[in-house]
Amino acid sequence: MNERIKENDPYRKSRLLYIIQAALEYFVSIIVAGAYLAKVTTAVGMSEGMTGVLSSFVSLGCGMQLIALFLTRVRSTKRLVVGASVINQLLFAVVYLTPFLPDSMAGGKSIVLLISLLLAHFVMNAVHSPKIGWLMSLVDDHHRGVFTAKKEMVSLLGGMLFTFLMGSMMDAFEAKGNQKGAFIFCAIAISVLCLFHTLVLLLTKEREEKRTVAHISFKAILGNKSLLKVTLFSVLWHIVNYISLPFYGAYQIGALGFSMTFVSLLSIISSLARSACSLPMGRFADKHSFANALILCFGVKALSFVAVTFTNPSTGYILYPVYMVLQAVALSGINSGTINLVYDYVPSEGRVAALAMQNSIAGVAGFLTTLAVSPFVDYVKAQGNVFLGIHAYPQQILSFVSAVGSVGIIFYLVFVIRKIRRPEETEIKE
């Protein structure tokens, strides 16, 4: 009987396409973050502090997800997502073309890069929640943990080969003194990925039945106490993460002196660790709840920040890989867990709007955190990496703060999130 249901499932191929779509989107995100982005910002003359701010645009862009509340009456979510994805990925390609602007536009290069990156993240996030609502509607609620784990594993395993190729090619170009050639290669890679990503989205089906999300008001979402508690968790997580993470890319290619090939190898190690943990973590979450999975993950995440606290040029090649592995284990449950908390505690008709509100508030909080911390990074650098009489890089100091914050999040998960009632016990009221 179950086999017959699977054979007659009209969305089976679309779920496979969803997995491929996520992988292609992940590949693009690799090229426009971390050490890759730091290469471009360095080329146009930006400081480490400013690079950190640009890296946090991914968080600021989440603020645009509130737009999803006004897009719920759009006839075709699919058309909206496809169009927005093309625009956002082509803008990412433009980022790698900014070093080619005339030298007389030294300041203009930074402005064009900033605007392109910001608009790309804004467009991407404006349709993020409708996209997740569309694609996750193809997945059975009782198998979300395992499905998201499998989806993540495919992205990570494919990402290993992709990052090694990208890193090796960039190092090869730079070894020949042709850094701009590396940037052209990255722009072309993003454009090709954009083409395939668009094709995959076009082939993915939408559910035929009407969604009731259009009838859920913003006021109703705000009145859901469970959602507000989940949103606060996401805000805390973004603050803790964006205190330090956006500054790691510049740290790798700067003080630690990593080559792009080594950065790629670190990514491969991270992907192996994360893919190995994703499925077990998904099964654990399906069986014991996503809240309990997150408690476990944030314990590991705290340890990863401790590893960076002790990472410097003499220990970088040992402790930074340790950080990457611990972070991978933690993220095997954090990313999907954050989304699935909304799916656990919000009725189905309010999930898209709820996810949009949560990501918007948390995203702005993350960006403002990085913006506030950025002057501190530049200040410590200007002081010769000395703070309060102690020789330490700003990334080490900020990582310690993130470690303490991660422990605080564990307490919040234990004493607040685990006590939230399920949607069958509490409803979104108009």
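**Worked exercises on a predicted model**

Val192 sits in helix H10 (residues 179-203); helices (H or I, at least four residues) and strands (E, at least two) are DSSP runs, numbered from the N terminus. This is a predicted model, in which local features need pLDDT of at least 70 and side-chain atom pairs count only at pLDDT 80 or more, while totals for chains, interfaces and linings use all residues. Residues are numbered from 1 along each chain as its sequence is written, and side-chain values use heavy atoms, with hydrogens and water left out.

**Exercise 1.** Find how many salt bridges the structure holds, and place each pair.

*Step 1.* There are two, taking a salt bridge as a side-chain nitrogen of Lys or Arg within 4 Å of a carboxyl oxygen of Asp or Glu.

*Step 2.* Lys131 pairs with Glu25, with the closest N and O atoms 2.6 Å apart. Lys131 is buried at 5% relative accessibility, whereas Glu25 is partly exposed at 22%.

*Step 3.* Glu174 and Lys39 make a salt bridge at 3.1 Å, N to O. Here Glu174 in helix H9 (residues 144-175) is joined to Lys39 in helix H3 (residues 34-43), 135 residues apart. Glu174 is partly exposed at 24%, and Lys39 is buried at 15%.

**Exercise 2.** Which aromatic pairs link distant parts of the chain?

*Step 1.* The whole structure has 17 aromatic pairs. Rings of Phe, Tyr and Trp (its six-membered ring) pair if their centres lie within 6.5 Å; planes under 30 degrees apart are stacked, over 60 edge-to-face and the rest tilted.

*Step 2.* One of them is Tyr18 with Phe147, a tilted pair with 5.6 Å centre to centre and 35° between the planes. Tyr18 of helix H2 and Phe147 of helix H9 are 129 residues apart. Tyr18 is buried at 4%, and Phe147 is buried at 11%.

*Step 3.* The ring centres of Trp237 and Phe298 are 5.1 Å apart with planes at 85°, so this pair is edge-to-face. Trp237 lies in helix H12 (residues 225-242) and Phe298 in helix H15 (residues 290-309), so the pair ties together parts 61 residues apart in sequence. Trp237 is buried at 6%, and Phe298 is buried at 0%.

**Exercise 3.** Where do Asn385 and Leu388 lie, and is each one buried or exposed?

*Step 1.* Asn385, with a positive phi of about 60° although not a glycine, lies in the loop between helix H17 (351-382) and strand S1 (386-387). Asn385 is buried at 10% relative accessibility.

*Step 2.* Leu388 has a positive phi near 55° and belongs to the loop between S1 and strand S2 (390-391). Leu388 is exposed at 72%.

How values were computed: Buried means under 20% relative accessible area, exposed over 50%, partly exposed in between (1.4 Å probe, protein chains only).
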